[in-house]
Amino acid sequence: RPKNGLALGTVIEEAVVYRIDPGVGMLLQANGQAASGHGESSSAAYVHISDASDERMEKLEKVFKPGQKVQGRVIGSRLLDGLSSMSLKTSVVEQEIFTYDDAIPGRVVRGTIVSVEEYGLLIKLSDTMKALCPITHLSDVPRSKISSKFAVGTRIKVRILERDAARRRVTVTHKKTLLNSKLPALVSVDGASVGMVAHGYVTGIEKWGVFVCFYGGCKGLARLADLGLAPDQSPLEAFEMHQVVKVKVLGSESGKHERLQLSLDPGSLSGKATGTKDDDDGADGNLSVGQVVSGKVGPSLPAAGAATLDVLVT
């Protein structure tokens, strides 16, 4: 951050043109106070002619006048004179993601596919930031190959899963259920409350329970008794890795394994007890992609019998 204290990425709604240097750039007052151009002002910024507009501009004085108010965004700093560097380009000002502080886990943003790899997509979120969408997060149902619809140059909507500013890494998801979910995004154990219902994705399956991840590294465990399975059904039969699931927060665990205690029992999500007669009412809005459920094949003729079978929601 330069001496004047304007943070990178800050959008200034009403910067005032103080001086125009023909063919070079403009000096601005970010808070409307006089700027000397020598770094004494607490809000002085300079706009190079190449950053004045998305269109090529040769004569600044034909478009801008001293005292005119403009909207701009801080894009860097000029270390020698202590000024911030600012851009007036609409494309820059309106960027959803500019710094890693903007890459908030759970946030839905748009980006452009710049590379298609065997392991996933590289997506440009801004001029200075790219994100990885792993192949397991391209759809609700994990696939072994990337669909041809994901081509370089395609604009795509994604949701931020995690960010690591120190390593300059951002991971996103394109799973439809996570993108369109109206449920709250769980981003931390502390931010969750008992009874909260949210969407997550399976990251581990054991005989004694299922691990679920959310956003920002937040994770939880649903133990065998809280999975809502039939007596003869195992978690390995009922769930798949990377499957999107709806969960209910039962509590949290602290210490070495800080995580949420979860329930995947459909009965707990709907407020009904599993195994009650009401559970046979059909679609109640609690079915999720990949979930294994039971149903009965109705008779097509009066004399026909009814068979019970398990099905996979797709």
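Reader: In which strand does E253 lie?
Author: The model is a predicted one. The strand in question covers residues 244-253. E253 therefore belongs to the run numbered strand β14.

Reader: Is E253 buried or exposed?
Author: The relative accessible area of E253 is 15%. Buried means under 20%. E253 is therefore classed, by its 15%, as buried.

Reader: With which side chain does the side chain of E253 make a polar contact?
Author: Leaving aside neighbours within four places in sequence, E253 is in contact with R223, E258, R259 and Q261. For the polar contact between side chains, the distance is 3.4 Å. The partner of E253 in that polar contact is R223.

Reader: How many cavities of 30 Å³ or more are there?
Author: Rolling a probe the size of a water molecule over the atoms shows where empty space is left. The largest cavity has a volume of about 30 Å³. The count of cavities of 30 Å³ or more comes to one.

Reader: How many charged residues are in the lining of the largest cavity?
Author: The lining consists of R159, L178, S181, L183, P184, A185, H199 and Y215. By class, five are nonpolar and two are polar. The number of charged residues in this lining is one.

Reader: Which helix gives the largest share of the lining of the second largest pocket?
Author: This pocket has a volume of about 240 Å³. It is lined by 14 residues, with L138, S139, K149, F150 and H174 nearest its centre. Three lining residues, the largest share, come from residues 176-180, helix α2.

Methods: Residues are numbered from 1 along each chain as its sequence is written. This is a predicted model: local features need pLDDT of at least 70, side-chain atom pairs count only at pLDDT 80 or more; totals for chains, interfaces and linings use all residues. Side-chain values use heavy atoms; hydrogens and water are left out. Helices (H or I, at least four residues) and strands (E, at least two) are DSSP runs, numbered from the N terminus. Buried means under 20% relative accessible area, exposed over 50%, partly exposed in between (1.4 Å probe, protein chains only). A polar contact is a pair of N or O atoms within 3.5 Å; within protein, one must be able to donate a hydrogen and the other to accept it, and residues adjacent in sequence count only if both atoms are side-chain atoms. Contact means heavy atoms within 4.5 Å. On a 1 Å grid over the protein atoms alone, a cavity is a set of points where a 1.4 Å probe fits but cannot get out, and a pocket is an open set with protein on both sides within 12 Å along at least five of seven lines; lining residues have an atom within 4 Å of a point. Grid points are joined across faces, edges and corners, and a volume is the space filled by probe spheres set on the points. Ala, Val, Leu, Ile, Met, Phe, Trp, Tyr, Cys and Pro count as nonpolar, Asp, Glu, Lys and Arg as charged, and the others, Gly among them, as polar.
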